[in-house]
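Here's a quick tour of how this protein is put together. Have a look at the model first, then read on.

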Amino acid sequence: MITPTYNEADNVVPLLDGLEAALADVTHEILVVDDDSPDRTWEIAERYASTHPTVRVIRRFSDHGLSSAVMAGFEASTGSVMAVIDADMQHDETKLPEMVSMIQAGDADLVVGTRGAEGGSYGEWSAFRRFVSWVAATIARIFLRVSTTDPMSGFFAVSRDAYRRAAPAVNPQGFKILLEFIGRNPGLRVREVGYEFRNRVHGETKMSPSIIRSYLLAVFELRFGRQVKGQFFLYSLVGASGVVVNLVMFSMFELLGTGSIDVGFARPLRWSLIAGIAASIVSNFTLNNYFTFWERRYRRNHLVQGFALFALVSGLGVIVHVAVFQFLQDNGWGNDVLGAGAARLVHDGIGFLVALVSNYFLNVNYIWRRRPEA
Ligand code: GDD
Ligand code: MN
């Protein structure tokens, strides 16, 4: 039994009591994996362990994070079936004997406690969180052919054999340990047990919007990780949204009929063009800063500097795009095969792709390179 904790001081004793009661007829050990919680959860757990020989506490100092805490617990455990449960009493510990016996009977390699299966319920979850959870399950179903209704569940039991097979490939970041196990083990026999999600009474959730991002990354890396880096995928998503922003702004200004500005060289510039490009640079910077490169984001007084650098790189990207396009046009590549019109489109597409990749390279290595924490 593994239970990860971070600031669960008021929950840990009721949880351990609940687990001891639920597992009274099952041979078991309980490992509390605490990431040196500031509220001293580890101390309370250690005191409990001193009078309960089945309970052990692992207090981690240098490492942190939910999935890696669970992996540390798995590694330190000794049973032939291992289970994970949240420490905040939101999962139903009375389902554990059933989950464990399904694995012991050889009916499954992994049993997920889910809110979506029969007999399960989401408790008082908001419509938004239900929707996020549904989207997550659908994405997993489509891209990974994972059929569980709750791939983000933190409540599951797994056989030691299945764990051994999957463990070396697991990427222990974020909230998605279960997904890693299922996604990396196509042959795994997965079953579900429904449970009713309870509300948190003490403490607060550590889930943040960034887990949506880390979930998308995880699915992508599980599916395409060998070919393309997940970060590039997020970057391309942002790029695609920038194209939409650009087109929307462009059309709005065209409809308003704002005309053009004479900048003195070449032809007058249309306001719509300027507005579209400016809006997409602002939205791309914002999304890249708070989504793609979240861990390395610019904060407060560094934002302006980051934005200026990004705008510079974007400008460079436009030049690269135009240069590649002109070069291909001048050479007339593909004109005879595709016809001049289609070839022009292809040249434009190639210019776009070259600029996308070169901008990505500059953004990763210069604009959002790893900087010491401000
Ligand atoms: N050791 C350790 N380190 N434990 C952590 C960390 C960490 O960095 N972050 C969270 N935990 C522990 C919490 O103390 C709790 O016991 C459990 O992990 C779940 O964290 P919550 O903060 O309660 O998450 P939630 O209730 O919002 O998340 C629910 O939905 C997720 C996604 O669907 C739970 O059902 C999760 O299990 C589920 O993955
Ligand atoms: Mn919780």
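How far apart do the C-alpha centres of domain 1 and domain 2 lie? They're 42 Å apart.

## Ground rules

This is a predicted model, where local features need pLDDT of at least 70, side-chain atom pairs count only at pLDDT 80 or more, and totals for chains, interfaces and linings use all residues. Residues are numbered from 1 along each chain as written, chains are lettered from A and ligands numbered from 1 in written order, and side-chain values use heavy atoms, leaving out hydrogens and water.

Domain 1 covers 2-224 and domain 2 covers 230-367, with bounds from an automatic or database domain assignment. Together they bury about 660 Å², 71% of it on carbon and sulfur atoms (accessible area, 1.4 Å probe, lost on being put together, summed over both parts). On the domain 1 side, Arg-213, Leu-216 and Phe-220 supply 73% of the area buried against domain 2, more than any other three residues.

Arg-213 also forms a salt bridge with Glu-295, the closest N and O atoms being 3.1 Å apart (the rule: a Lys or Arg side-chain nitrogen within 4 Å of an Asp or Glu carboxyl oxygen). Across this interface the rule finds 1 salt bridge.

## The manganese site

Asp-88 (OD) and Gln-90 (OE1) coordinate the manganese ion (ligand 2) at 1.8 to 1.9 Å. Donors are N, O and S atoms within 2.8 Å of the metal (3.2 Å for Na, K and Ca); water is not among the atoms, so sites may look incomplete. Both Asp-88 and Gln-90 are buried (under 20% relative accessible area, with exposed over 50% and partly exposed in between; 1.4 Å probe, protein chains only).

Conventions
Buried area = accessible area lost by both parts, 1.4 Å probe.
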